[in-house]
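Have a look at it first, then read on.

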Amino acid sequence: MTKNFATKVFSIGFWLIVSAIFLLTLPLFLQASWVSLINEMLIMALAGTALNLMLGYGGMVSFGPAGLYAVGAYTTAILLTRYGLPFPLAVLAAPLAAAAVGLIVGWFCVRRSAVYFALLTLAFAQIIWTVIFEWYDFTGGDNGIVSIPIPELLYSITHVYYFSLAVVTVCLFLLWKIVHSPFGTTLQAIRENPMRAEFIAVHVRRYQLAVFVLSSFFLGVAGSLFCVFAGSVFPDYAHWVKSTDMLVVCLLGGIYHFAGPIVGSGVYILISKIISKNTTYWMFFLGIIVVILVLYMRNGLVGFAAEKLAQMKNRSEVKKNKDVP
Amino acid sequence: MIFETQKLTKSFGGLTAVDEVSLGIQKGELVSIIGPNGAGKTTLFNLLTGHLLPDNGKVIFQGRDVTRLPPYAISRMGIGRSFQRLNIFPRLTTFENVQVAVFSAQRKCHRLFSRAQNMAQEETETILESVGLLDKKKLKGGLLAHGDQKRLEIGIALAVHPSLLLLDEPTQGMSPRETGQTTELIQKLVKQRGLTLIFVEHDMSVVFGISDHIKVMHQGRMIFSGKPEEVKNNDEVQRIYLGEKKP
C-alpha cells in the first residue's frame with residue numbers, strides 16, 4: 001500500500017521534473033518559431049484551466065470565456081498605449097479588470113442554469129466583442145491596437161517565453177490549490193447535484209458567482225500574457241470562435257482532470273498548426289475532432305489515459321494476487 | 001414545539017396539492033406521514049424545506065418563521081433532509097460526499113487554499129461509520145448499491161448537524177433485509193443524536209414499527225393524526241388507505 005503510494009508520488013514528481021527541465025531549457029535547443037508555439041500553448045493551457053474551473057469542476061458550461069480573456073488583453077494594451085502606465089501595473093490590472101467584468105457578467109448569468117446560463121455567457125461575450133469592435137476611439141475598433149510599448153527586455157521571444165512560463169506556472173499552481181481545497185470540493189458537489197448542495201446549507205448561487213469571478217481573473221491573466229506576447233490586440237480575441245477554441249481544449253484534454261486543458265492545449269495547438277500549414281480547411285478537421293471526442297472520448301485524452309492506466313494496474317494486481325498461492 | 005405549520009397551502013394550476021395543512025411536532029418525536037401516491041407528501045416536504053413557496057400559510061421552526069427562506073438558509077438553521085429520488089454526489093467518493101457536508105457545517109466551504117484531503121477526517125469517518133459505509137469510503141458514490149446510496153444520503157443529511165431530519169421514503173426500493181437494517185439505523189441515530197424525525201414512508205411495517213405519531217394525508221389534506229394504534233383503528237383511514245392494501 002505505502003509502496004504503491006510512494007511509486008505513484010515518485011512517478012508524478014518524476015514527470016513534473018522532466019517537464020520542468022524541458023520547459024526551462026527548450027529555448028536553448030529549439031527554433032524561435034517553436035518557442036513561440038509553446039508559448040501559445042502555455043497561455044492557452046492557462047485559459048483552458050481557468051475555463052475548466054467553471055466547466056469541469058463547477059459544471060457550468062460557458063460559451064463566453066473569450067470575452068473575459070479579451071478584457072484582460074485590452075486592459076494591458078490600453079493602459080500601456082493610452083495611459084503609458086508602467087508595465088507591471090498594466091499587467092497586474094488585467095486580471096483585476098477581468099474579474100470586475102466577470103463579477104458583473106456573472107451576477108446575471110448565475111441566475112439561470114444549464115442552457116440558459118450558456119446562452120447568457122455567449123450573449124455577454126458578444127456584447128464585449130461589439131464594444132471592442134465599435135469603440136474606435138478607445139479600443140481601436142477592428143484595427144485593434146498595434147505596436148504596444150512592451151518593455152525592451154521582452155522583445156526577444158526567449159524572454160517573453162520565460163515571462164509566460166513563470167506567470168503560467170504560478171497561476172496553475174494557484175488553480176491547483178483551489179481545485180483541491182474545500183472550495184473545490186464544494187464546487188464539485190454543486191456540479192454533481194445543485195439541489196442537494198443547497199440542502200447541506202451551501203448558497204449555490206454565491207459559489208457559482210465566486211467561481212465565475214475566479215475563472216475570469218485567470219482568463220484575464222491569460223489575455224494579458226497574449227497581449228504581451230503578440231504586442232498587439234484585436235477584437236478577434238473576444239470572438240466566440242476563440243471561446244470555442246478554449247472549450248475544445250478542455251474537452252480534448254478532459255474536463256474531469258486538472259491536467260486535461262493543459263494536455264488539450266498542447267495537442268490542439270500542435271495539430272492546428274500542422275493542419276493549417278497544409279490546408280485552409282482547418283475548421284473542417286476541427287469539426288471532425290469534436291465529433292470523435294464527444295462520441296468516443298467523453299473524458300478526453302487525459303481521462304482516456306487514466307482509464308487505461310487504471311485497467312492496467314487492476315490487471316497487474318489481479319495477476320499478482322494469483323501468483324501468491 | 002420544535003416545528004409547526006399553519007394552514008399551509010400550495011396549488012399547481014387547478015390542483016391543490018397541499019390543502020391547509022397544520023401540524024405540530026414535539027422535540028424528539030418520530031413522526032411519519034403516510035397517504036396514497038399523489039396525496040401531497042413530497043410537496044409538503046418541499047414546502048417545509050423552501051424548495052417550493054406556499055401560496056398561503058406558515059412554516060415555523062424553533063419559534064422562527066422560515067416560510068420564505070431559501071433552502072440553504074433553512075438547512076443552515078438545522079433542518080436536514082433526504083430526497084425521494086436519490087440525491088447524492090455521484091462522481092465524488094463516498095468520503096467526499098459526507099466531507100463536503102461537514103465542510104459546510106463547519107463553514108469551511110469558502111476556503112480557497114487549504115488542502116481539503118486531510119480536513120474533517122475524523123468527523124466524516126464517524127458519520128460514515130454510523131451509517132455503515134466506512135469500508136466503502138473510497139468508492140465513488142454513484143457506484144454504490146442502491147441501499148448504500150440511500151444510507152449515504154442519510155449520512156450527508158446528518159453531517160450538517162440537523163435538529164430536525166426529514167426523510168422522504170428512506171427505505172424505498174430496498175430489500176426486506178436492508179429495510180430492517182435501515183429502520184434500526186434510523187432509530188439508533190434519532191436516539192443517539194436527540195433528533196426529531198419526520199418521514200414519509202410506504203412500508204407499513206416501518207411506519208408502525210418506529211413512529212410515535214402517524215399523520216395521514218389524502219388529496220392534499222391532513223385527514224388524521226394520532227398514535228399508531230389509533231390510526232390502525234380509524235375507519236376512515238382504513239377505508240381510504242390501509243383498506244386498499246387488504247385483499
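1. Ground rules first. This is a predicted model, in which local features need pLDDT of at least 70 and side-chain atom pairs count only at pLDDT 80 or more, while totals for chains, interfaces and linings use all residues. Residues are numbered from 1 along each chain as its sequence is written, and chains are lettered from A and ligands numbered from 1 in the order in which they are written.

2. Chain B has an open sheet of six strands, with mixed pairing, in the order β6-β7-β8-β3-β9-β10. Helices (H or I, at least four residues) and strands (E, at least two) are DSSP runs numbered from the N terminus, and two strands pair if DSSP finds at least two bridges between them. In chain B, β6 (79-81) and β10 (221-226) each have a single partner strand, so one side of each has no neighbour in the sheet. On average, neighbouring strands here are turned by 20° against each other, direction ignored.

3. β6(B) runs parallel to β7(B) (residues 164-168), with three bridges between them. B:I79 has B:L164 in β7(B) as its bridge partner.

4. What lies across the sheet strands β3, β7, β8 and β9 of chain B? Helix α1(B) (residues 41-48) does, running at about 150° to β7(B). Axes are lines fitted to C-alpha atoms, for helices over the stretch in contact, and angles run from 0 to 180 degrees between N-to-C directions.

5. B:T42 sits in α1 of chain B. This residue is buried, with 21 other C-beta atoms within 10 Å (buried means 20 or more such atoms within 10 Å, exposed 12 or fewer, partly exposed in between, with C-beta atoms placed from the backbone). Leaving out residues up to four places away in sequence, B:T42 touches B:Q84, B:D168 and B:V200; contact means C-beta atoms, placed from the backbone, within 7 Å.

6. Over in chain A, α3(A) (residues 65-81) packs on α5(A) (residues 114-134) at about 35°, with the axes 8 Å apart. Among the residues that meet are A:V71 and A:Y74 from α3(A), and A:F124 and A:W129 from α5(A). The contact has nine nonpolar residues, one polar and no charged (Ala, Val, Leu, Ile, Met, Phe, Trp, Tyr, Cys and Pro count as nonpolar, Asp, Glu, Lys and Arg as charged, the others, Gly among them, as polar).

7. Finally, the chains: 21 residues of chain A contact 32 of chain B. On the chain A side, α8(A) gives the most, with eight residues.

Definitions and conventions: Contact = placed C-beta atoms within 7 Å.
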